[in-house]
Amino acid sequence: MSDEPWPKPGDPAPGFSLPDAAGKAHSLADFRGRWLVLYFYPKDLTSGCTTEAVEFSTFLPRFAALGAAVVGVSRDKPATHAKFIDTHALTVLLLSDPGLVAHNAYGAWRMKKMYGKEAMGTVRSTFLIDPEGVVRQVWPKVAKAAGHAEAVLSALTSLAGG
């Protein structure tokens with residue numbers, strides 16, 4: 001076992017139960033039987049996070065055609081998610097994790113360095129989980145939001161045989 005804080009390919013995906021923009025809870029078990037793209041992002045209504053969410057929404061029909069759901073997770077409250085969805089016509093499901101339960105389980109809450117200062121924060125990361133609930137691919141530190149959704153779609157296409 002490595003000392004990296006995130007699940008590796010072949011590991012069972014950690015369970016979660018988090019509310020969406022309307023307050024409805026969603027859990028890992030809800031996605032059993034289909035692929036799940038679970039991505040963690042720092043903050044609603046910021047430029048990089050908007051780029052990522054818009055790209056995942058744009059590609060959502062292609063993810064769905066491969067039997068995959070796309071779910072974004074941040075610390076933002078459900079009401080903020082609702083505004084983010086409405087402002088940018090997002091079609092991906094956004095879940096709220098203010099208690100950092102899923103962030104910690106997936107290793108997305110880590111020490112970050114920004115402008116020379118260190119602080120804990122959400123590290124942009126993505127997990128591709130198979131229909132059996134096993135992590136198949138991990139992007140532990142997504143350096144650039146633009147183009148990331150397409151890279152995940154490409155990996156899913158290879159793994160799902162699309």
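Keep in mind that the model is predicted.

Salt bridges to begin with. The whole structure has 3.

Take glutamate 52 and arginine 124. Their side chains meet at 2.7 Å, N to O. Glutamate 52 sits in helix H1, and arginine 124 sits in the loop between strands E7 and E8, so the bridge ties together parts 72 residues apart in sequence. Glutamate 52 is buried, at 1% relative accessible area. Arginine 124 is buried too, at 15%.

Next, aspartate 76 with lysine 43. The closest N and O atoms are 3.7 Å apart. Again the pair links distant parts of the chain: the loop between E4 and H2 holds aspartate 76, the loop between E3 and H1 holds lysine 43, and 33 residues separate them. Aspartate 76 is buried at 9%, while lysine 43 is partly exposed at 46%.

Then aspartate 130 and arginine 136, at 3.8 Å. The aspartate is buried at 11%; the arginine is partly exposed at 36%.

Now, which buried aspartate has no salt bridge? Aspartate 97. The nearest side chain of opposite charge, arginine 75, is 7.8 Å away. Aspartate 97 lies in the loop between strand E5 and helix H3. Its side chain reaches two backbone nitrogens: valine 101 at 2.9 Å and alanine 102 at 3.0 Å.

Last, the largest pocket. Its volume is about 310 Å³. Of 14 lining residues, those closest to the centre include Lys112, Pro42 and Arg124. That is the arginine that bridges to glutamate 52. Strand E6 gives the most to the lining, 4 residues. By class, the lining has 6 charged, 6 nonpolar and 2 polar residues.

Technical notes: Residues are numbered from 1 along each chain as its sequence is written. This is a predicted model: local features need pLDDT of at least 70, side-chain atom pairs count only at pLDDT 80 or more; totals for chains, interfaces and linings use all residues. Side-chain values use heavy atoms; hydrogens and water are left out. On a 1 Å grid over the protein atoms alone, a cavity is a set of points where a 1.4 Å probe fits but cannot get out, and a pocket is an open set with protein on both sides within 12 Å along at least five of seven lines; lining residues have an atom within 4 Å of a point. Grid points are joined across faces, edges and corners, and a volume is the space filled by probe spheres set on the points. Helices (H or I, at least four residues) and strands (E, at least two) are DSSP runs, numbered from the N terminus. Ala, Val, Leu, Ile, Met, Phe, Trp, Tyr, Cys and Pro count as nonpolar, Asp, Glu, Lys and Arg as charged, and the others, Gly among them, as polar. Buried means under 20% relative accessible area, exposed over 50%, partly exposed in between (1.4 Å probe, protein chains only). Lys and Arg count as positive and Asp and Glu as negative; His and the chain ends are not counted. A salt bridge is a side-chain nitrogen of Lys or Arg within 4 Å of a carboxyl oxygen of Asp or Glu. A polar contact is a pair of N or O atoms within 3.5 Å; within protein, one must be able to donate a hydrogen and the other to accept it, and residues adjacent in sequence count only if both atoms are side-chain atoms.
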